[in-house]
Each structure stands twice: as structure tokens, then as C-alpha cells.
Amino acid sequence: KEEQEKRRGIIAACLWMNSSGLNQGTSGNISVRHGDTMLISPSGVPYEQLEPDDIVAMTLTGEYGSYLASGANVPSSEWRFHRDIYAARPEAGAVVHTHSPFATALACQAMGVPAFHYMVARAGGVDIRCAPYATFGTQALSDHAIEAMRGRSACLLANHGMIALGG
């Protein structure tokens with residue numbers, strides 16, 4: 001029952017991301033920690049078509065292909081940084097990645113977010129860092145994101161988008 005609620009929560013959050021303008025199409029992804037697995041949105045499935053069984057379960061220690069196949073879907077192409085964030089950050093219960101227009105505009109300039117507003121501190125520091133560029137889905141991108149999120153709960157990804165984690 002708890003797993004099904006988490007799966008429905010991922011779908012609701014994906015739909016909200018698009019309806020709020022934080023994301024377009026299927027370009028973002030969301031995962032939730034569930035014991036020694038993560039539940040993650042699938043690759044390339046329109047959010048409006050998602051059903052709870054479409055959410056992919058994947059071990060937190062595995063490589064691509066270590067997902068627990070319950071359907072025909074594969075995990076988001078960004079599964080690697082989700083997995084690595086959970087490994088590096090035991091307090092992380094969920095990870096959200098979007099291509100929000102404003103975050104992406106800054107990320108395309110390789111700019112972080114300075115402390116211009118008190119809400120920046122909600123990310124855990126005096127700024128929100130921008131991780132260096134690496135190709136999507138790669139270990140290099142994951143490594144850059146982990147470093148940019150050190151002591152923070154969010155980061156921008158150069159020429160890409162943003163990541164945030166929460167309980």
C-alpha cells in the first residue's frame with residue numbers, strides 16, 4: 001500500500017510540474033526512496049498516460065538494467081544521479097529534476113543563483129551552485145551534481161536544468 005501511494009505521488013508530482021510550467025513534456029523526472037530501492041518515473045512516457053505500475057523500481061546499488069521489471073518501462077535516462085544522490089545523502093527521500101525555463105536559462109549561462117533573496121537559503125547555503133556541464137545520463141554528470149549539492153539541497157546543471165532533494 002505504501003509503495004502504491006508513493007507511485008501515485010510521483011505521478012501527481014510529474015503532472016503538477018508540467019501544469020505549473022516547471023517542466024515541459026517528459027523532460028524532467030522524479031524519484032522516491034522506498035527501502036533499498038528507488039521508485040522513478042519512466043523514460044519517455046507522457047505523464048498524462050502514467051499509471052502506478054508504470055513507475056520503475058530500481059535497486060539503489062545497481063547499474064542500468066538492475067531495475068525490478070514489473071512492466072515494459074525503463075527508468076528515466078537520469079536514473080544515475082538519482083541513485084547516487086540517495087547513496088550520498090541518507091536524508092534524501094525524494095529527488096526532483098526539471099528543466100524549468102528560469103533555472104535552465106541560468107544553467108545555460110553556467111550561472112548559479114546568488115543570495116539575492118532569503119529563499120535561496122532554503123537550498124542550504126548562501127547560493128545555489130551550478131554543476132559543470134556533462135552529457136545527460138552520464139556518471140560525469142552525476143559526479144558533478146553530487147559535488148554541486150554538497151551542503152545544499154539543490155543545484156543547477158550547466159546547459160541542462162536543475163535538481164532538488166527533500167525528505
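Helices (H or I, at least four residues) and strands (E, at least two) are DSSP runs numbered from the N terminus, and two strands are said to pair if DSSP finds at least two bridges between them. The model is a predicted one, in which local features need pLDDT of at least 70 and side-chain atom pairs count only at pLDDT 80 or more, while totals for chains, interfaces and linings use all residues. Residues are numbered from 1 along each chain as its sequence is written, and side-chain values use heavy atoms, with hydrogens and water left out.

E1 pairs in the antiparallel sense with strand E5 (residues 94-98) over four bridges, and also with strand E2 (residues 37-40), again antiparallel and over four bridges. The hairpin of E1 and E2 has two residues between the strands, and in this hairpin Gly 35 takes a positive phi near 65°. Five of the six residues of E1 (residues 29-34) are buried, so this strand is largely enclosed by the rest of the structure; here buried means under 20% relative accessible area, exposed over 50%, and partly exposed in between, with a 1.4 Å probe and protein chains only.

Helix H2 (residues 79-88) is likewise largely enclosed by the rest of the structure, because eight of its 10 residues are buried. Among the buried residues of H2 are Trp 79, Phe 81 and Ile 85, and also Arg 80, Arg 83 and Asp 84.

The structure holds zero disulfides, a disulfide being a pair of cysteine sulfur atoms within 2.5 Å. The sulfur of Cys 130 is 7.8 Å from the closest cysteine sulfur, in Cys 155, which is too far for a bond. Cys 130 counts as partly exposed because its relative accessibility is 22%, whereas Cys 155, at 0%, counts as buried.

The largest pocket holds about 240 Å³ of space. On a 1 Å grid over the protein atoms alone, a pocket is an open set of points where a 1.4 Å probe fits, with protein on both sides within 12 Å along at least five of seven lines, and lining residues have an atom within 4 Å of a point. Of its 14 lining residues, Ser 100, Ala 103, Ile 128, Leu 156 and Met 162 lie nearest the centre of the largest pocket. Helix H3 (101-108), strand E7 (154-157) and strand E8 (161-166) each supply at least two residues of this lining. The second largest pocket, with about 190 Å³ of space, has a lining that includes Phe 116, His 117, Arg 122 and Ile 128.

Terms used:
Grid points are joined across faces, edges and corners, and a volume is the space filled by probe spheres set on the points.
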